[in-house]
Amino acid sequence: MAKDFSTMENSNPSSNPSIHEVSDPARRIVVRGGLAGVATGLLAPLVAGCTTAGPSAPVFEPGPQLGFKSVPVSTADIVTVPPGYASAVICKWGDPVGLPGNMPAFSPAAANTAAEQAAQVGMHHDGMHYFPLDGSRRGVLVFNNEYTDDGLLHADGMKTWSAEKVAKSIAAHGVTLVEVARQADGNIEMVRPSKFARRITAATPTTVAGPAAGHPLMRTAADPSGTMVLGTLNNCAAGPTPWGTYLTSEENFIFYFNGPDQPDADQRRWGLRAKGGGYRWHEFEPRFDAVRNPNEPNRFGWIVEIDPTDPTMTPIKRTAMGRGAHEGATTTVRPDGRVAVYMGEDARFEYIYKFVSRDRMQPGGYAANRTLLDHGTLYAARFNADGTGQWLPLKAGTGGLTPERGFADQASVVIRSRQASDLLGATKMDRPEWITADPRTGELYCTLTNNSERGAQGRPAVDAANPRANNTMGNIIRWKDADEGDGLSFTWNHFVLAGDSTNTRAEARGNIKGDSFACPDGLWFDARGTLWIQTDMSTGAMGKGDLANIGNNAMLAADARTGEVRRFLVGPTGCEITGITTTPDLSTMFINIQHPGESPSERADPDAPSRYSRWPDGGRPRSATVVIRKLDGGVIGT
Ligand code: FEO
Ligand code: CA
Ligand code: CA
Ligand code: CA
C-alpha cells in the first residue's frame with residue numbers, strides 16, 4: 001500500500017535528552033549563506049579527493065552557477081524544463097531491460113506475468129547512478145525500484161490475490177541495470193540487448209557480509225547459515241563508491257512483514273505490526289510472515305553493494321554499516337584515504353549515521369576493495385545547540401552497549417542500530433533523506449523532509465537542528481566533519497528552511513532565497529558544485545494547506561555559496577521527483593519520475609488506473625527516467 005508511511009513511521013519512543021533543553025532559541029534558525037559565525041573558523045579547507053564524482057570525472061571551472069530561467073509552479077500532467085532545454089523519457093516501468101533472448105514487451109493492460117516482469121524495468125524508480133563504459137557516450141544506468149502500487153501493477157489490482165501476483169510484485173522491486181548510449185542525433189537511448197542488462201529483485205540471492213553474517217539473529221529455517229538472503233527491498237536512495245560500485249539502501253522494509261498482534265518492544269521499535277503495510281506477500285511467501293520467521297526482518301534494512309559492470313556478481317549486504325530504514329549511502333574519502341559513508345534513516349525522530357572504514361581505499365577498483373565496507377566503525381550523530389556536534393560510536397562494550405542491554409557482540413549492535421543509538425543519545429531528526437557532499441568544501445548536506453509531530457503530545461520537542469514544531473515544509477541541514485582520524489566532531493548549520501514566503505502561517509514561510517519548495521528529499525551536488533534539490537510532497541498533502549501554492553513536485557538548483565534557489569523542473573501530476581545523475585561531461589542529466597498519477601490513497605483503482613495521470617505515454621501511468629539535455633549541448637544548469 002502506501003509508500004508514504006507517515007502515519008506508521010513512529011517507532012522511536014526513547015527519551016534521549018533533547019538538545020532543545022540546552023538550545024538558545026535565538027540560534028534555532030541559523031543564518032544561511034556561508035557557514036554562520038560559530039562554524040566558520042573551524043572549517044578545514046576542501047581536501048583533495050573528498051568527492052563522489054569518480055576517478056575520471058572532468059574538472060569544471062566555477063562559473064555562473066545558475067544560468068537558466070526559472071520554471072513556474074505547475075499542476076500540469078507533464079514534465080516542464082526551462083527554455084533552451086529538452087527532456088525525453090526512457091526506462092519506463094515494464095520496458096524490457098535488454099536481457100539477451102528475453103525481452104518481453106510491456107502490456108499496457110498490466111497483463112505481463114511475474115516472469116516477464118523479472119525481465120522488465122521495475123516499478124517506482126528511485127535513486128540512480130550512471131557508470132561510464134565509454135565516458136559520456138555509453139554507460140550502465142543503475143536505478144532502484146523502490147516499491148509497487150499493486151492497484152496499478154496487476155490488471156485487476158488486488159481484487160484477487162495469488163502467488164503469481166506476489167511473485168510479480170517481488171519481481172517489480174529491487175534494482176534495474178540497463179546499458180544506455182548516446183545516438184548520432186545526441187539523444188540517449190537504451191541499448192538492447194546488452195550484456196550489462198540485469199534485474200535484481202526482492203528474490204535475487206544476496207550475500208550477507210560483515211559482523212552480522214551468520215549470527216544467530218540472522219538465521220532462518222530456509223537459511224540456517226544466516227549468510228544468504230533472497231532479495232533486496234524498498235530500495236530508496238543510492239550512491240556510487242569511488243571504486244566503481246553502487247550502494248543501494250533498503251528503506252521501509254518492515255512494512256513487508258506480517259507481525260504478531262502484540263509485538264514485543266524490539267519489534268515495536270522497528271515498527272513491526274500485524275499485516276505490515278498491506279503488501280500481503282506473507283500470504284504466499286512465508287518468509288515475509290515474521291510470526292513464523294521472526295528473524296527474517298533482521299535480514300533487511302541494510303546497505304547493499306552491487307558491481308554494475310559484472311552481471312554475475314552476487315549483491316552483498318554490508319552489515320558493518322548498520323541496519324535501518326536507510327534512505328541512501330553517500331561515500332566520501334577521508335583525508336587519510338579511508339572512506340566515510342553517510343546514511344540517514346527516513347522516519348520521524350530517527351538518526352543520521354556515518355560509517356568510517358578501518359582500512360584505506362586502494363587503487364584498482366572493486367577488485368582491490370572487496371571487503372573495505374566490512375570493517376570499520378559506525379557512528380550516530382548528535383547535533384548540539386551551539387552549532388557543534390559529535391559522532392557517537394556504536395561499538396559493543398562501549399557507551400553502555402552492554403550484554404545486559406542486548407548488545408553482546410557487534411552483530412547485535414548493527415542489527416539493533418536504532419536501540420543502540422537511543423542509548424547513546426543521538427539526535428532525533430525530522431526524517432533524514434538524502435545526503436550529499438559539496439565537492440568544493442567537503443561539507444555534507446542532508447534533507448530533513450518534514451515532521452508534523454514534533455512537539456505533539458508525547459513526542460520530542462523542537463531543538464536547534466529541528467527547529468519547527470509542525471514542520472510541514474522540511475529543511476536542509478549541513479555539517480563539516482573534523483579532518484583528523486574518523487572526524488568525530490563537526491560543525492553544522494541549516495542551509496535552508498523550505499517553505500512558501502507568502503504563507504500566512506509564520507512557521508511555514510521558511511527562508512528560501514528564491515523559488516518556493518517543500519519536502520526536500522533527493523539532494524545531490526553535481527561535479528560543478530551545483531546543488532540539486534528534489535521534492536516529495538505526499539500525494540495526500542499536495543495542493544492543500546501549507547502546500548496550496550507549491551504545485552506538483554519539482555526539482556530545483558541551488559548555488560551553495562550564495563543560497564540562491566531556482567526551480568528547474570516540475571513533474572507530472574501525483575509524482576515524486578527522485579534519482580539524479582549525469583554523464584561525466586554534465587551535458588546529460590537523468591532523473592526519475594516516481595509514481596505519476598498516484599491516487600490520494602496511494603493505491604490505484606484498477607478500474608480507473610489513469611484517473612489522475614496518463615504520463616508518459618497516454619495510458620496507464622508509468623514511473624520512468626527522464627533524460628535532460630541543453631539544446632546547445634552545454635552543461636546542465638548553465
Ligand atoms: Fe524512499 Fe524516504 O524516501
Ligand atoms: Ca526519498
Ligand atoms: Ca520522501
Ligand atoms: Ca514516493
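## A calcium site and a run of paired strands

In this predicted model, the calcium ion (ligand 4) is coordinated at 2.0 to 2.5 Å by Glu576 (OE), Gln594 (OE1) and His595 (NE2), where donors are N, O and S atoms within 2.8 Å of the metal (3.2 Å for Na, K and Ca), and sites may look incomplete because water is not among the atoms. Along the chain these donors follow the spacing E-x17-Q-H, and the calcium ion (ligand 3) is 5.9 Å apart from the calcium ion (ligand 4). Gln594 is buried, with a relative accessible area of 0%, and His595 also counts as buried, at 5%; buried means under 20% relative accessible area, exposed over 50% and partly exposed in between (1.4 Å probe, protein chains only).

Elsewhere, strand β3 (residues 138-145) has seven of its eight residues buried, a strand being a DSSP run of E of at least two residues, numbered from the N terminus. Its pairings, for which DSSP must find at least two bridges between two strands, are as follows.

| Pair | Bridges and direction |
|---|---|
| β2 (residues 125-134) with β3 | seven bridges, antiparallel |
| β3 with β4 (residues 174-182) | eight bridges, antiparallel |

Pro132 stands opposite Gly139 in β3, while Asn144 stands opposite Val175 in β4. In the hairpin of β2 and β3, three residues lie between the strands, and Gly135 takes a positive phi near 50°.

Residues are numbered from 1 along each chain as its sequence is written, and chains are lettered from A and ligands numbered from 1 in the order in which they are written. Local features need pLDDT of at least 70 and side-chain atom pairs count only at pLDDT 80 or more, whereas totals for chains, interfaces and linings use all residues, and side-chain values use heavy atoms, leaving out hydrogens and water.

Terms used:
Helix = DSSP H or I, 4+ residues; strand = E, 2+ residues; numbered from the N terminus.
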